[in-house]
Amino acid sequence: MRLRIGVALAILVIAVAVLAAGPWPHGFRLSDILTGGTPVLPDGSRPVPGSTDLAGNASLGAGQHPATLRLACDPAGSGLSAVLTVPRFADFSEGFDVAGLQGGGNAAPLTSILVSNAAGVRSVRMAAQGVEARDPDKSISLTVAGARRGEDPLRGVALALAQAGTRLTWTQASPRGGDQTLTAVFSVADSDAVALKTALGSCLAAPPL
């Protein structure tokens, strides 16, 4: 009886070791899933983080300011994310509830991101978290993060942005009824498309779990 149990345990250990060694289909290993590690890409490499910025303009009512959109890939953390930053937002933000977007208390999908290019139009709705900076410029940063499991709404957006000629419009509603809407617009030049492919390549190459 003990011999049978020993043989069964040995077979189980070998099976687990083989599964953990992988690679699994699509480049995943059991050890990655169990430990939370990043998947192996088709070329055998591990994903690497990266980020790049787009320059654009944001408007709220009659006020307008330069704006920055940072697209980032963090394979071992949040995955894909987008951060809209508007400097000196306090100069024209009386009609917008910045405080209502701070922290994790507001989960309403008040963010609409639309991308359009020669291939078509794609839009997603998400919930953003806001952070208002103190001195010197009192900027506001709004962050949306993609899904760590299953379909990632930011994946299609990132794929579209990796094509030159793409236009992105970020429309941000205020959590307070009756407020004005913040709108930011960005255009992707040839150099931007190259930078985006490099920065986000690991997140776009690794398929979702």
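## The disulfide

A search of the whole structure, which is a predicted model, finds one disulfide. The bond is formed by Cys-73 and Cys-203, whose sulfur atoms lie 2.1 Å apart. The link of Cys-73 and Cys-203 is right-handed, with 90 degrees about the S-S bond. Because Cys-73 belongs to strand 2 and Cys-203 to helix 4, the pair ties together parts that are 130 residues apart in sequence. Both Cys-73 and Cys-203 are buried.

Helix 4 spans residues 190-205 and lies across strand 1, strand 2, strand 3 (79-86) and strand 9 (182-187). Relative to strand 2, helix 4 runs at about 40 degrees. The helix has a kink of about 50 degrees, centred on Ala-199.

Ala-199 is also one of the buried residues of helix 4, which are Ala-193, Leu-196, Ala-199, Leu-200, Ser-202, Cys-203 and Leu-204. These buried residues pack against strand 1, strand 2, strand 3 and helix 3. In an α-helix, residues three or four places apart point the same way, because there are 3.6 residues a turn.

## Helix 3

Helix 3 comprises residues 153-161, and its buried residues are Leu-154, Gly-156, Val-157, Ala-158, Ala-160 and Leu-161. The N-terminal end of helix 3 is capped by Asp-152, a side-chain oxygen of which lies 2.9 Å from the backbone nitrogen of Leu-154.

Nine strands form an open sheet in the order 5-4-8-9-1-2-3-7-6, with antiparallel pairing. Strand 5 (120-126) and strand 6 (129-132) are the edge strands, each pairing on one side only. On average, neighbouring strands of this sheet are turned by 20 degrees against each other, direction ignored.

Strand 1 (residues 50-60) and strand 2 (residues 63-74) run antiparallel and are joined by 11 bridges. Thr-52 stands opposite Leu-71 of strand 2.

## Thr-111 in strand 4

Thr-111 is found in strand 4, which covers residues 111-117. Is this residue, Thr-111, buried or exposed? Its relative accessible area is 0%, so Thr-111 is buried, the cut-off for that class being under 20%.

The side chain of Thr-111 makes a polar contact of 2.5 Å with the side chain of Gln-172. Apart from its neighbours within four places in sequence, Thr-111 is in contact with Val-124, Arg-125, Met-126, Ala-127, Ala-128, Val-144, Trp-170, Thr-171 and Gln-172.

Technical notes:
Residues are numbered from 1 along each chain as its sequence is written. This is a predicted model: local features need pLDDT of at least 70, side-chain atom pairs count only at pLDDT 80 or more; totals for chains, interfaces and linings use all residues. Side-chain values use heavy atoms; hydrogens and water are left out. Buried means under 20% relative accessible area, exposed over 50%, partly exposed in between (1.4 Å probe, protein chains only). Helices (H or I, at least four residues) and strands (E, at least two) are DSSP runs, numbered from the N terminus. A polar contact is a pair of N or O atoms within 3.5 Å; within protein, one must be able to donate a hydrogen and the other to accept it, and residues adjacent in sequence count only if both atoms are side-chain atoms. Contact means heavy atoms within 4.5 Å. Two strands pair if DSSP finds at least two bridges between them. Axes are lines fitted to C-alpha atoms, for helices over the stretch in contact, and angles run from 0 to 180 degrees between N-to-C directions. The bend at a residue is the angle between axes fitted to the seven residues ending there and the seven starting there. A disulfide is a pair of cysteine sulfur atoms within 2.5 Å.
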